[in-house]
Amino acid sequence: MALAAEGGYDAVVMRDLADQANVAVGTLYNYFTSKDHLLAAAYVEWTKELEERITGRSPRGATPAERVSDVLGKVCEALGRQPRLVSAILTAASAKAPEVAALDAEAGVTMTELIEKALALPDAHHSSQVTAVIEHVLHSSLLSWINGRMQMSQVVEIIDATAHLVLDERNARSPEGV
């Protein structure tokens, strides 16, 4: 993670990692089939650490939209401090390898749980649909951010707008209509 945070995806070289860890390159390949696999594993650990930090504090807000905006604002704040790491992780997560996809899904479960805890909606089906929409908007916005097409403040604004559009009573469809 330190190499990726410092230099991005291209800075993560298995030989350099092996040297830093004082292990043979072959040892790394016993555990990780590729750089993408290694970065995906780091992503899982990073999301779990992030979840622990964020869930240690109750989300602020009286409504589900306000709570989701608060939690994802904290996520974006953390991501914003590590643009090269985020870029490396998103690059690795797009690899087609099954082991990478499995780890990406595991990290996704952590993010889903984080959002659903903030939502605290009684209808699980509706909650999962809302969460999926917000996660897709977050992912798309983060791609724009790492590619320089958007500022992190804009990502936060889009997430806030999305949360309010799908959750506020005047905008959201009722769970029965879904």
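Reader: Leave out the neighbours within four places in sequence. What is Ser-144 in contact with?
Author: Ser-144 is in contact with Arg-149 and Met-150. Contact here means heavy atoms within 4.5 Å.

Reader: What kind of model is this?
Author: This is a predicted model, where local features need pLDDT of at least 70 and side-chain atom pairs count only at pLDDT 80 or more, while totals for chains, interfaces and linings use all residues. Residues are numbered from 1 along each chain as its sequence is written, and side-chain values use heavy atoms, with hydrogens and water left out.

Reader: Back to Ser-144. Which helix is it in?
Author: Ser-144 lies in helix H8. Helices are DSSP runs of H or I with at least four residues, strands are runs of E with at least two, and both are numbered from the N terminus.

Reader: Is Ser-144 buried or exposed?
Author: Ser-144 counts as buried, because its relative accessibility is 16%. The cut-offs are under 20% relative accessible area for buried, over 50% for exposed, and partly exposed in between, with a 1.4 Å probe and protein chains only.

Reader: And Val-133, where is that?
Author: Val-133 is also placed in helix H8. At 38% relative accessibility, Val-133 counts as partly exposed.

Reader: What does Val-133 touch, beyond four places in sequence?
Author: Val-133 is in contact with Thr-162 and Val-166. Val-155 is 22 residues from Val-133 along the chain, and their C-alpha atoms are separated by 15 Å.

Reader: New topic. How much space is in the largest pocket?
Author: About 450 Å³. A pocket is found on a 1 Å grid over the protein atoms alone: it is an open set of points where a 1.4 Å probe fits, with protein on both sides within 12 Å along at least five of seven lines. Grid points are joined across faces, edges and corners, and the volume is the space filled by probe spheres set on the points.

Reader: Which lining residues are closest to its centre?
Author: Tyr-43, Leu-90, Met-111, Glu-135 and His-139, out of 22 residues that line the largest pocket. A lining residue has an atom within 4 Å of a point.

Reader: Which helices supply at least two residues of that lining?
Author: H4 (35-55), H5 (64-80), H6 (83-93), H7 (98-119) and H8 (124-146). H8 gives the most to the lining, with 7 residues.

Reader: How do the lining residues divide by class?
Author: The lining of the largest pocket has 15 nonpolar, 5 polar and 2 charged residues. Nonpolar covers Ala, Val, Leu, Ile, Met, Phe, Trp, Tyr, Cys and Pro; charged covers Asp, Glu, Lys and Arg; the others, Gly among them, are polar.

Reader: How do H5 and H7 cross?
Author: Their axes come within 7 Å and cross at roughly 145°. Axes are lines fitted to C-alpha atoms, for helices over the stretch in contact, and angles run from 0 to 180 degrees between N-to-C directions.

Reader: Left-handed or right-handed?
Author: H5 passes H7 in a right-handed crossing. That label applies if the near helix is turned clockwise from the far one by less than a right angle; anticlockwise is left-handed.

Reader: Which residues make the contact?
Author: From H5 come Pro-64, Arg-67, Val-68, Val-71, Leu-72 and Val-75. From H7 come Met-111, Leu-114, Ile-115, Ala-118 and Leu-119. By class, the contact of H5 with H7 has 10 nonpolar, no polar and 1 charged residues.

Reader: Last one, backbone. What is phi of Asn-22?
Author: Near 60°, a positive value in a residue other than glycine. Asn-22 is in the loop between helix H2 (14-21) and helix H3 (25-31). Asn-22 counts as exposed, at 73% relative accessibility.

Reader: And phi of Ala-120?
Author: Ala-120 has a positive phi of about 50°, although it is not a glycine. Ala-120 is placed in the loop between H7 and H8. Ala-120 is exposed, with a relative accessible area of 52%.
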